[in-house]
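Please keep the sequence and the model in view while going through the points.

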Amino acid sequence: MTDLTTRWLGLDLHSPLVVGASPLTDDLDALKACVDAGAGAVVMHSLFEEQLVAEQMAAHRFIDSRINMDAEARSFFPGSELFEMGSGSYLKRLEQLQGALDVPVIASLNGISPGGWVQHAGELENAGASAIELNLYDLATDPADTAATLEQRQLDVVRSVVKQVSIPVSVKLSPFYSALPAFVASVEAAGARGLVLFNRFYQPDIDLDQLILSRELVLSSSAELPLRLHAVAMLFNRTGLEMAVSGGVHTGDDAAKALLSGATVVQVVSALLAEGPQALARISDAMSRRLRGMGYNTLSEARGALSLDNAPDSQTWERLNYARLLHGWH
């Protein structure tokens, strides 16, 4: 079997399979089972600054609405210490997972303001996070907000967080950058240690019968993987950032393809939600057997073997054909 040990963001992992950000964070027994099944690390679900602000404002409105109550009525009003506003519950959960799991626990942060990103990043480090995954997604709705200003705002966030903490920072990107290699170079210059490619978003649909938005979570499939493979294969040897593939990894062959394209680790979520922790054992075993059958004894030997630069024929037209192959174009 292939040796699956690797290093991600300076962390020693016994496997490149990582539990990606998901609701599984709230189930300690499930996470322990994932580690037993071969998970090398765990990423917590995102701490959303926007959600925290909304919760705080709602609590303040709740309290303000009762200011005019008479003294007797107010005596039955719960003390303010019973209202937990802010990131406290997330930080407690992080501390619990760090104490209960024998693999690195990576916190995930999604913020809306430079100050908020920095504040919460510092809290996550103090709570014991092994690393921080910045979940960058800034939906442009203002016509005056150009791609350049949006990207600059995101880079300012990366710089501010990296400056604030001493633990490694990875950046989770969407697939919607018009010049991904250039933006990745800027992310690297801002001090990040790794990339996670790519984010999956809740895509609301329309229920025509009820004329409402449908917000059902749709799990990924292996059909989403080629977009990630192309990006990783293109960036391998063109960035010093370590890369994680997230989205579309459901089989051992999926994981092997990601590693051969240049990924250091792969994040698994949908397969776990559909099948449970045993999905990791299945993926790990099949991935190891596939790589060993190809003659790779270690992950470092396999990593990037089929990246764009290392494809059997690196001529320009062959690169185009390679991109078409990864995307499934015909």
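1. Where does phenylalanine 198 lie? In this predicted model, phenylalanine 198 is found in the loop that runs between strand S8 (194–197) and strand S9 (205–207). The peptide bond joining leucine 197 to phenylalanine 198 is cis, with omega about 0°. Most peptide bonds are trans.

2. The average pLDDT of the chain is 84, and 81% of the residues score at least 70. Residues 49–85, however, have a pLDDT below 50; this stretch has 28 contacts in the model beyond near neighbours in sequence. Where pLDDT is low, the predicted coordinates should not be read in detail.

3. Strand S5 (residues 105–110) is mostly covered, with six of its six residues buried. Val105, Ala107 and Leu109 point one way from S5, while Ile106, Ser108 and Asn110 point the other way. S5 pairs with strand S6 (residues 131–135) in the parallel sense, over four bridges. Alanine 107 has isoleucine 132 of S6 as its bridge partner.

4. Isoleucine 167 sits in the loop between helix H6 (147–164) and strand S7 (169–173). Is this residue, isoleucine 167, buried or exposed? Isoleucine 167 is buried, because its relative accessible area is 15% and the cut-off for buried is under 20%. Apart from neighbours within four places in sequence, isoleucine 167 is in contact with Glu125, Ala129, Ser130, Ala131 and Ile132. The C-alpha atoms of isoleucine 167 and arginine 193 are separated by 9.7 Å, and these two residues are 26 residues apart along the chain.

5. The axes of helix H8 (residues 225–235) and helix H9 (residues 252–261) come within 8 Å and cross at roughly 20°. H8 is therefore roughly parallel to H9, as angles under 35 degrees count as roughly parallel. Leu225, Leu229, Val232 and Ala233 of H8 meet Asp254, Lys257, Ala258 and Ser261 of H9. The residues of this contact comprise five nonpolar, one polar and two charged.

6. Two residues deserve a check of their backbone angles. Most residues other than glycine have a negative phi. Leucine 9, although not a glycine, has a positive phi of about 60°; leucine 9 lies in the loop between strand S1 (6–8) and strand S2 (11–13) and is buried at 1% relative accessibility. Asparagine 237, also not a glycine, has a positive phi of about 70°. Asparagine 237 belongs to the loop between H8 and strand S11 (242–246) and is exposed, with a relative accessible area of 51%.

Note on methods: Residues are numbered from 1 along each chain as its sequence is written. This is a predicted model: local features need pLDDT of at least 70, side-chain atom pairs count only at pLDDT 80 or more; totals for chains, interfaces and linings use all residues. Side-chain values use heavy atoms; hydrogens and water are left out. Buried means under 20% relative accessible area, exposed over 50%, partly exposed in between (1.4 Å probe, protein chains only). Helices (H or I, at least four residues) and strands (E, at least two) are DSSP runs, numbered from the N terminus. Two strands pair if DSSP finds at least two bridges between them. Axes are lines fitted to C-alpha atoms, for helices over the stretch in contact, and angles run from 0 to 180 degrees between N-to-C directions. Angles under 35 degrees count as roughly parallel, over 145 as roughly antiparallel, 65 to 115 as roughly perpendicular and the rest as oblique. Contact means heavy atoms within 4.5 Å. Ala, Val, Leu, Ile, Met, Phe, Trp, Tyr, Cys and Pro count as nonpolar, Asp, Glu, Lys and Arg as charged, and the others, Gly among them, as polar. pLDDT is the predictor's confidence in each residue, from 0 to 100.
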